[in-house]
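Hi there,

Here is the structure I promised to pass on to you. My notes on its salt bridges follow below it.

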Amino acid sequence: MKNSTIIMSGNKGSRKINFGSGPAALPEEVLHQASEAVVDYNHTGLSILEIPHRGKLFLDILEESKALVRELCELDDQFEVLWLHGGGRLQFCMVPANFLGENDVAGYIDSGHWSQEAMNYAAYYGRSEALCSSRDVRYTALPTFPKKIPDDLAYVHITTNNTIYGTQWHRLPDVKVPLVADMSSDIFSIGRDYKNLSLFYAVAQKNVGAAGTTLVVLRKEMLKRVKRDLPPMLDYRAQVAKASVLNTPPVFAIYTCLLMLRWTKKKTLAVLEQESIDKSCLLYDALDQSNIFHPVVAQPEYRSRMNVCFRANNSEIEKGFSDFCSQQNITGLEGHRTVGGFRVSLYNAISREDVQQLVSAMDTFEKNIVL
C-alpha cells in the first residue's frame, strides 16, 4: 500500500473528544465547577487553590468525598478511606511494605505490565510469586486463575483492568487470603462486591477525578497485619490516624474527585455500567466488521470495556487514520509506547455519542481509502 492516498475532509470544532488513557476526559459540568472554584470556592472569596488544608473548608471536602466512596461501594465503617500521594507506583510499594514480611509470600495475578510492575516492587520487601500469567501470549488474554490458592499467602494482588493490552477481569476471584486490587482504570464502571476486598486502590486520573491523588480503601483489620516499622508516610496506620492529612494533601485534586464522585452518584453505578457495556460493544462490533482494523484481544470474554486496543493492517493506514482523527477533533487514540497501534479509553465521562463519532470516522475512513 505504498502508493495509497486518503481522501478526506476535516471537521472544525472547539471541544475535542478525548479518548486518552489518563489523564482522561472529565464531564464538562465537573470541569466548569472546578474552574469556578479556582476563581472563588463556594463564594468564600478564596480560590480552592488557597484554602487551608487543615481548615474546615477542606476537611468538609475530605469528609464528603470519603462518605461518597463508602456509599458508592456499599461499605460500612469497617473500611477506611484515604486520599494519598504517589499514584499507583507508591501503592506498589506501600502494600508489600505494610503487609509482606521478609519471610512471607504474596501471590500476584500477572495479567499485564502494571501487575508485573507491582510484583517487581513487592520483591523488595519479601517474596512475590506469579500465581498465573498470560505473558506467554503477550497479555492479549487473561491468565487462567489457579483452582487452589495457598492459604498461607500474605495476600493476593490483582489488576482488574489492563490499560495497555485491553483485557479486563469482569469477575474477581474468591480467595480465603486478603485480596488486594488495583482498580485504577475501571473503578465505578462495573459491578463489584467491594466488601470482599481487603484493600483496593485507584489512581484518580481515570474514573475518579484529576491526576495528583490516589484513592485507597482498606479494611481496618488490615492495620493489625502491618509487618514492620515504617516511616509515617509509608505506614497505612499513620495515614489513617491523620485522616489523609499527614502532610499537605493535593487539595485541588481531591476537590475535583469530590465533584466527580457527586457526578457518579447522580448518574448511578448501574447506569454507568450499562453505558460502559453499550459503548464498548459499539466499538468492538465496528472493529470486528472492519476490513482494515482488528482488535488486539480476539476473545470477547477477555476484552476490556474501558480500554479498547486495536491495530490496522499496516503502519501507513495507522498513520492515515491518526491524521484523519486529528482533523475530526478526535484525540488520545495512541496506543501505549510499548505496543503501538491504537487505544480508545472509554472511561465514564465518555458518552455513547462520542464513541459513535469515532465509529463513524472509522467507517468514513475505510470507505474513502484509495489503494
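Asp104 and Lys227 form a salt bridge in this predicted model, their closest N and O atoms lying 3.4 Å apart. (By salt bridge I mean a side-chain nitrogen of Lys or Arg within 4 Å of a carboxyl oxygen of Asp or Glu.) The pair joins distant parts of the chain, 123 residues apart: Asp104 is in the loop between helix H3 (87-99) and strand S4 (105-110), and Lys227 is in the loop between strand S11 (214-219) and helix H5 (236-241). Helices (H or I, at least four residues) and strands (E, at least two) are DSSP runs, numbered from the N terminus.

Asp104 is partly exposed at 24% relative accessible area, and Lys227 is partly exposed too, at 45%. The cut-offs are under 20% for buried and over 50% for exposed, with partly exposed in between (1.4 Å probe, protein chains only).

The structure holds 15 salt bridges, and two others may interest you:

- Asp186 pairs with Arg192 at 2.8 Å between the closest N and O atoms; both residues are buried.
- Lys319 pairs with Asp323 at 2.6 Å. These two are four residues apart in helix H8 (residues 315-327), so about one helical turn separates them. Lys319 is exposed at 52%, while Asp323 is partly exposed at 33%.

Residues are numbered from 1 along each chain as its sequence is written, and side-chain values use heavy atoms, leaving out hydrogens and water. As the model is predicted, local features need pLDDT of at least 70 and side-chain atom pairs count only at pLDDT 80 or more, while totals for chains, interfaces and linings use all residues.

Best wishes
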